[in-house]
Each structure stands twice: as C-alpha cells, then as structure tokens.
Amino acid sequence: MPMSIDFQSRLFPHLSKIVDHYGTPFHIYDVRGLLENGTDLTRKFMGQFQFKEFFAVKANPNPEVLKLMRGMGFGFDCSSIPELVLATLVGAKPGDVMFTSNNTSTAEFQAALDIGCIFNLDDITMIENVPEPFPRLICFRYNPGERRSGTSFIGVPVEAKYGVRHDQLINAYRMAMARGANRFGLHTMIASNTLDCSYMIETVRMLLEVVEEVSAELGIKFKFINMGGGIGIPYHPNDAPFDLFQLAHEARYLLHRFKERNGYVPALYMESGRAMTGPFGILVTRVLNRMSKHREYVGVDACMSSLMRPGMYRNSQIAEGAGYHHITVLNRYGHPKSGPTEVVDIVGSLCENCDKFAVRRELPMAEVDDLVVIHDTGAHGHAMGFIYNGRLRPAELMLCEDGSVRLIRRAETIEDYLRTVADLEPNVMQL
Ligand SMILES: *Cc1c(COP(=O)(O)O)cnc(C)c1O
C-alpha cells in the first residue's frame, strides 16, 4: 500500500531537512502507522476465542520496531538463533516466542529450549533431535501437498521444502506424545504475499479439519492453530487490499462451528510480517546521475543492498512483475514532482543488471539531487539487505509520534565491512 497521505503529510515537509541531517539513503518507518495498523489487527480478530499475532522477526528485525510490536501484545516468530536473541533482547517472555524451524540444528533447538519457545517442528525426523527436557507443548508445521493449490511466491505445496506430510502427521503427534508432549498446536504457512482472503479462510478451515482428524485418532485437544504469515499488501496502487475484516469474520465463524462440534475452541495464532510493517516504511534515496543509453536511466544512491525485492522478484527486464514497488519523485526540497513524465529505469550501482528499482516506469522527469521515495519497504526491505560488491547497508530511521526523527540503525561503514577479517587471531592448521 503506497505510503498513506497522512504519513506523507507528516514527513515530506521535513524530508529535505532529514536528508541534510542523516544523508541518504535510509529507510524510515512511521510509528503512528505501525501502531494504528497493529491495534486494528487485534481489534478485528477479537471474539469468543483467543487471538495472538506472533510478529515474524525476519520481516523487520530492528529492535525498536520489535519493541513496538511487543508493546501491542504481540509475540514473535523466530527461525534462527540471532532472531531468538533479538526477541529476548526486547523482553519477550517464554511462550511469547514461536520457534519455526526448517532444517534445524541441535544447537538451534537447544537455544529455543533455553528461552522456553513454543516449538514448531517442520519435519517428523526433528522430534528425536529436540533435546531433553522435551517441551510439553508441541506444534507441527503442516504441508498439505496436493490438497492445496499454491501462491506465486512459495509455490505449490508439493514443491515446498517445508512441513510434515498429511500421512505423517498422526505419527508425528504420536511420537511427540511418546516423548512427553501433552499440549498441541498445528501450524501451516502455504501462502506468501497473497491478497486473496478466501485462500487464508480456506487455510483456517483446513487447519481445523486436520485438528479434528488428529484429535479423533489420538484423543488429544489442540491449544492453538497457527495460520502462518503470508497476508499480502497492495504494492501496486491498483491492487485491492487484503480483506482482513472478512478473514476475521469467517475465522470467527469457523471457530464457532468447531466449538459446537467439539465442545472447545483452540486459540487462533497468526505470524504476519509483511502486513504488520510493510506499508509503514519507505526507502529515501537521491538521484546521482541521469544517463541516456539504450534506455533512459536514473541512477540513485541506494541499490539492491538496501532493498532486494524489485531485483529478486522481477521476472524480466521488461515487466515489473511481482517485484513492483511504487515510486514517488520529489525535488530536493521534498515537494512531489508533477508535470512532464518520461519512461525510465531507476537503477543502483551494483554490478548486477537486476539492480533496478523500476524498469520502464513512467515517472515525472527526475534530475540530479532529486529525491526518489520507494514505497512499502517496511518488511523484507532492510532485513534482506546484503553487502555484495561492497555496497553497504543503509541507516534506518523512525518518524516518532511526537514528530521527531530518530536513528534506529546507523549505516554500515567500511570498518563494519572489514570486521570479520580485521585483527584475526592466528589460526592456521598444518595438514
Ligand atoms: C516469512 C515467514 C512469515 C512471515 O511472512 P510474511 O509474508 O511477512 O507475512 C511467517 N512465518 C514463517 C514461518 C515465515 O517463514
């Protein structure tokens, strides 16, 4: 969802001052937008059952963002030790952290156990790898295979590397019980960036059906179902937003029916990342060069190291495809440009031809020193950054509720770049 008029009106008048102070490029997140959106999620899902969002840390692992999420009562979804450390750093309590692993090591299980996470096991073979004391509460990630069609990003479930097959599931719970588990959850994540709310409703229905099936076989009750993340945001202004109200409404109905049949109701968990933070961040970058080659190029001072999605999800140099991020051109004083347009590619400096924020995009004429705002970078933006080609990751800022701007991560420096090779202890092995 391209940035709201409200965010624009609070930011753009001050943007040139912010750019002068912090330099470009940077991501900036809107605290007010983040809080309103998160509060709205909880309000929509309130009902006769328990609901909890576990924010997917990988979407935006900045501690200040995580603190906001925690402040709204959210837990965290983690899948690596550094993510577990981050969740702990911002004060997550045992039970607030879901550890959703994939191809997990014993060290990772140990770390998750030390913190008291909810274990979400991705494979039947993982059960025996979990160290003692085996958690009482165990969840499995379910992969429905040919029972469900796919979405464009994760692909069809039969091709996905995640989850336990349907025919393995009952055995998996049985094995977990044999190790001492006595409370259970069921998880799935089969969509990514979907705007189709009926797909998510079907996912809730599917989870509840599987719960009934397993319960009937093993005589167990389920503490929760977790529908995963994957709720999409409208990156393109013409995309229709995901209908969260409808999902909440239908989920309530399905849970109500479940209760009528089974006499109890599991909690509903969600681990949304993108939909929580995506629309509330932008990448601000400055035009370095105007170049005329076989196409017209606008070169900016950010590149794929700041935001990988356009380059990664664009399927050709012709069409924007699934990597579309909306772009606004402003003059150096922060006024959005209007007037004559042109068709350009917006490019970074990386030696990779996919390093383009836009291809063949019609935009107002951009000049050197203009500002280019790339929308919807609040999730899977900075977090996916990398330092290939010595292009270092940019700063992150926050527009706070009181109107101040705060640095919440500095830009990387050459010292950071050299850290893993500087001052090495001698470590040579004679063979
Ligand atoms: C990535 C991921 C999420 C978050 O996905 P979004 O598309 O950001 O909502 C949630 N759960 C798991 C297990 C994930 O891998």
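Which residue does UniProt list for "modified residue: N6-(pyridoxal phosphate)lysine"? The residue is Lys58, and the listing comes from an unreviewed entry. The model discussed here is predicted.

**Two annotated residues**

Lys58 lies in the loop that runs between strand E2 (51-56) and helix H4 (63-71). Its relative accessible area is 47%, so Lys58 is partly exposed. Leaving aside residues up to four places away in sequence, Lys58 touches Glu83, His380 and Ala383.

The unreviewed UniProt entry also carries the annotation "active site", which covers Cys351. Cys351 sits in the loop between strand E13 (341-347) and strand E14 (356-364). Cys351 counts as exposed because its relative accessibility is 63%, and exposed means over 50%.

**Two pairs of helices**

Two packed helices are described by the angle between their axes and the distance between the axes. The table gives these values for two pairs in the model.

| Helix pair | Axes come within | Crossing angle |
|---|---|---|
| H7 (residues 166-178) and H8 (residues 197-218) | 11 Å | roughly 50° |
| H5 (residues 81-89) and H6 (residues 106-115) | 10 Å | roughly 15° |

Take H7 and H8, whose axes cross at roughly 50°. That angle makes H7 oblique to H8. The crossing of these helices, H7 and H8, is right-handed. On the H7 side, the residues in contact are His166, Leu169, Ile170, Tyr173, Arg174 and Met177. They meet Val210, Glu213, Val214, Glu217 and Leu218 in H8. By class, the residues of the contact of H7 with H8 are seven nonpolar, one polar and three charged.

Now take H5 and H6, whose axes cross at roughly 15°. Angles under 35 degrees count as roughly parallel, and H5 and H6 are therefore roughly parallel to each other. H5 passes H6 in a left-handed crossing. From H5, the residues Ile81, Leu84 and Thr88 take part in the contact. In H6 they meet Ala107, Glu108, Ala111, Ala112 and Ile115. The contact of H5 with H6 has six nonpolar residues, one polar residue and one charged residue.

**Summary**

Lys58 is partly exposed, and Cys351 is exposed. H7 is oblique to H8, while H5 and H6 are roughly parallel.

Conventions: Residues numbered from 1 in each chain as written. Predicted model: local features only at pLDDT ≥ 70, side-chain atom pairs only at ≥ 80, totals over all residues. Heavy atoms only, no water. UniProt positions renumbered as here; feature names shortened; annotations may be inferred. Helix = DSSP H or I, 4+ residues; strand = E, 2+ residues; numbered from the N terminus. Buried < 20%, exposed > 50% of the residue type's maximum accessible area, 1.4 Å probe, protein only. Contact = heavy atoms within 4.5 Å. Axes fitted to C-alpha atoms, helices over the stretch in contact; angles between N-to-C directions. Parallel < 35°, antiparallel > 145°, perpendicular 65-115°, else oblique. Left-handed = near helix turned anticlockwise from the far one by under 90°. Nonpolar A, V, L, I, M, F, W, Y, C, P; charged D, E, K, R; others polar.
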